[in-house]
Amino acid sequence: MARHRRLSDLPEFLQSSPFLPVGNISDSFTTTQASQPKPTLAQIIRSKRFRTIITLAIFVLTLLILPSKLQAYHPLTRLGLSGPKCYFSPPITIPEIPEEVDWTEFAYSQYATTTDYLCNSLMIFETLHRLGSKADRILLYPSTLLTSTENSIVGYLLDKAQAEFNVKLISIKEQRKSNVIKIWASSYTKLLAFNQTQYSRIIHLDSDSTLLSSLDELFFLPPAPIVVPKAYWLPTPKLSSHIMLLTPSPKTFAKIQEEIEKATKGIYDMEIINSLFGSTCSILPHQAYALLTGEFRSPDPEHKAFLDPSTMKWDPDRVMKEATFVHFSDYPFPKPWQETSAEEQEWAVPECVVDDQEGNVDCRARNIWIALYKDFKARRKVYSPVLSVVC
Ligand SMILES: *[C@@H]1O[C@H](CO)[C@@H](O)[C@H](O)[C@H]1NC(C)=O
């Protein structure tokens, strides 16, 4: 454990690499030397120890010459010494939905700790309803939301969720911490899905997203404590928690509560998922299930983080066609329900790509991005006869 801590804290893998043998070998070399007559240069060169040292030196030099290549390989994470080892397992194959299914075992979970997020959650439920998803739908909400100043709006939305989209309302105690950054302080609440042990499997979806098709097939993946996508856009191996197929269990939930208790600045739901499930997770293919809107703005023409350019060419239309779930993530550009200035829009909107050979202008990525934001804004509007604008 101590070793694990020390290694994972290192900023640079090579600086005190566990492979550097310097201390021990040169020490024993000097001791042997003292008890024996001085060897000739030829003897030294032929000695086994000398050859070992040369081999090790070459090895270490190789590491020094290739640090970026090696770092991109993330050897410590692959060895399970730091970060989520399961990141490197191949994405799971998506199964067919069996003929006979007891759908009451499965649920989609949303959590809402503010009116804004309640509006977003309603959109996810509306989509599941419209697309004919068969699993249950649950909404975790803190009872304090109903006593807030917007209580009539909250009440209206909760009723609508129940009446129109068949949502089961589950009142919970918000998991909030005061010693962490405010905008993420309630992100722990989504982990309460692990406590919904009346279900054998739950799909959590972050509601600042657009769902494009039912994900019912995911409930039939082989058993795993959690199935999550890679946070493919980050330079270091990390699991993402914006979509999770999870297995509720009292034991897992106890561990999660312990982690929430311990959490300080920098430790949010995503970090907890990484530390608890880093060696046991299965990987959800991110192209189909975890696309970010920011991918359409990527400055990399090959989109190497998102796909393997040796087997696939970036094609925004195909990417969009294959996507089932798109997460709005263009930080620092605001989320789609927030007001934006012309300057902000100008800054964020993807540029058209000019094809060097033919001179054609390709605006597909730009148009897809704009359409995603426009569609979200339009769908989010909720009116009530009494309250007029609700969302
Ligand atoms: C977990 O679920 C149990 C049973 O429904 C409930 O009594 C308990 O309060 C829940 N824990 C939290 C932290 O929500």
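1. Around the ligand you'll find Leu192, Asn195, Phe253 and Gln257, each with a heavy atom within 4 Å.

2. A quick caution: this is a predicted model, where local features need pLDDT of at least 70 and side-chain atom pairs count only at pLDDT 80 or more, while totals for chains, interfaces and linings use all residues. Residues are numbered from 1 along each chain as its sequence is written, and side-chain values use heavy atoms, leaving out hydrogens and water.

3. Now the aromatics. Rings of Phe, Tyr and Trp (its six-membered ring) pair if their centres lie within 6.5 Å; planes under 30 degrees apart are stacked, over 60 edge-to-face, and the rest tilted. The count comes to 19 aromatic pairs. Phe106 and Phe219 are stacked, because their centres are 4.8 Å apart and their planes are at 25°. This pair links parts of the chain 113 residues apart.

4. Is Phe106 buried or exposed? Phe106 is buried, at 7% relative accessibility, and Phe219 is buried too, at 3% (buried is under 20%, exposed over 50%, partly exposed in between; 1.4 Å probe, protein chains only).

5. Tyr117 and Trp337 pair edge-to-face, 5.3 Å centre to centre with 80° between the planes. Tyr117 is partly exposed at 29%, whereas Trp337 is buried at 15%.

Definitions and conventions
Helices (H or I, at least four residues) and strands (E, at least two) are DSSP runs, numbered from the N terminus.
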